[in-house]
Amino acid sequence: MTTEIILFWILVGIYSLVILIELRDQYIQENKKRNILARPHFFLWFLSRHYYFSGIYAMEKKKYKKALLQFKRSLQFDPDYGPAYLELGRSLFNIGKIQSAQIMFEKSVKLSGEDPKTHLNLGLALVSQGNFQEAINHFEHAYSIDKNDFDILLSRGSCFFDLRKINLAVENYIIAIL
C-alpha cells in the first residue's frame with residue numbers, strides 16, 4: 001500500500017513537471033517578439049492566462065459581466081496581452097457598451113494586429129455606431145489576413161449593403177457561401 005502511494009505521488013510530480021515545461025514553452029513562444037524588459041514574469045503571465053481562460057469560460061456561459069471582470073484581471077497581470085483586450089471588448093459589446101468595446105478592440109488591434117478577429121470585431125463596433133466606411137477598412141484588413149473566414153465576408157457584405165453598394169454586397173455573400 002505504501003509503495004502504491006509513493007508511486008502515485010511520483011507520477012503526480014512527473015505529470016506536474018511536464019505541464020510546467022509545456023507552460024514554459026508556451027510562455028517563451030508568446031513572448032518572443034517582446035522586448036526582454038517588457039516581458040511579464042512567468043508567474044504573472046500564468047495568472048494572466050488563468051484569468052483569461054476563466055473569462056472565456058464565462059463568455060461561453062453568457063455571463064458577460066463575470067467575463068468582463070476576469071479579462072480585466074488578466075490585463076492587470078499582463079497589460080500587453082492583445083487577446084484579453086479582444087475578449088474584454090467582446091464582453092463589453094455584449095452588455096451594450098459599444099464605445100468602450102471599440103476602445104478595447106483598438107488596443108487589441110495595436111497589440112495583435114495580425115489576428116483577423118481583432119479587425120472584424122472593431123469593424124462590428126464601428127458598424128454599430130454607424131461608421132460604415134471605417135468599418136469596411138477594418139473588414140478589408142481582416143479579409144487580407146484570412147480570405148476564408150465566413151464572418152468576415154458576411155460582415156463586409158452587410159456593411160456594403162448598408163452603404164447601398166449592392167453589387168459589392170452580393171459579391172461578398174456569394175464568396176461567403178462558396
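1. Serine 100 counts as partly exposed in this predicted model, because its relative accessibility is 33%, which falls between the limits of 20% for buried and 50% for exposed. The residue is found in helix H5, which covers residues 98-111. Serine 100 stands 59 residues from histidine 41 in sequence, and the C-alpha atoms of the two residues are 29 Å apart in space.

2. The aromatic residues deserve a careful look. The count of aromatic pairs comes to 6, and one of them joins tyrosine 52 and phenylalanine 71, whose ring centres are 5.8 Å apart with 55° between the planes, a tilted arrangement. Since tyrosine 52 belongs to helix H2 (residues 42-60) and phenylalanine 71 to helix H3 (residues 64-77), the pair ties together parts that are 19 residues apart in sequence. Both partners are buried: tyrosine 52 has a relative accessible area of 10%, and phenylalanine 71 has one of 0%.

3. Tyrosine 52 also pairs with tyrosine 81, and here the ring centres are 5.2 Å apart and the planes stand at 80°, so the pair is edge-to-face. This pair links distant parts of the chain, with tyrosine 52 in helix H2 and tyrosine 81 in the loop between H3 and H4, 29 residues apart. Tyrosine 81 counts as buried because its relative accessibility is 9%, under the limit of 20%. Ring pairs link Tyr52, Phe53, Phe71 and Tyr81 into a cluster.

4. Two arginines lie over tyrosine rings. Arginine 49 lies over the face of tyrosine 81, at 3.5 Å from the ring centre, and tyrosine 81 is itself a member of the cluster described above. Arginine 156 lies over the face of tyrosine 143, in this case at 4.1 Å from the ring centre.

5. Arginine 156 has a further partner, as its side chain makes a polar contact of 2.5 Å with the side chain of asparagine 172. Asparagine 172 is placed in helix H9, residues 166-177, and with a relative accessibility of 1% it counts as buried. Arginine 156 is therefore to be viewed together with both the ring of tyrosine 143 and the side chain of asparagine 172.

6. Most residues other than glycine have a negative phi. Lysine 62, however, has a positive phi near 60°; this residue lies in the loop between H2 and H3 and is exposed, with a relative accessible area of 59%. Arginine 164, likewise not a glycine, has a positive phi of about 65°, and its place is the loop between helix H8 (150-162) and H9. Arginine 164 is exposed as well, at a relative accessible area of 63%.

7. The last point concerns the largest pocket, which holds about 330 Å³ of space. Its lining consists of 13 residues, and those nearest the centre of the pocket are Glu30, Lys33, Arg34, Leu111 and Glu114. By residue class, the lining divides into 7 charged, 3 polar and 3 nonpolar residues. Helix H1 (2-30) and helix H4 (82-94) each contribute at least two residues to this lining.

Note on methods
Residues are numbered from 1 along each chain as its sequence is written. This is a predicted model: local features need pLDDT of at least 70, side-chain atom pairs count only at pLDDT 80 or more; totals for chains, interfaces and linings use all residues. Side-chain values use heavy atoms; hydrogens and water are left out. On a 1 Å grid over the protein atoms alone, a cavity is a set of points where a 1.4 Å probe fits but cannot get out, and a pocket is an open set with protein on both sides within 12 Å along at least five of seven lines; lining residues have an atom within 4 Å of a point. Grid points are joined across faces, edges and corners, and a volume is the space filled by probe spheres set on the points. Helices (H or I, at least four residues) and strands (E, at least two) are DSSP runs, numbered from the N terminus. Ala, Val, Leu, Ile, Met, Phe, Trp, Tyr, Cys and Pro count as nonpolar, Asp, Glu, Lys and Arg as charged, and the others, Gly among them, as polar. Rings of Phe, Tyr and Trp (its six-membered ring) pair if their centres lie within 6.5 Å; planes under 30 degrees apart count as stacked, over 60 as edge-to-face and the rest as tilted. Buried means under 20% relative accessible area, exposed over 50%, partly exposed in between (1.4 Å probe, protein chains only). A charge sits over a ring if NZ of Lys or CZ of Arg is within 6 Å of the ring centre and within 35 degrees of the ring normal. A polar contact is a pair of N or O atoms within 3.5 Å; within protein, one must be able to donate a hydrogen and the other to accept it, and residues adjacent in sequence count only if both atoms are side-chain atoms.
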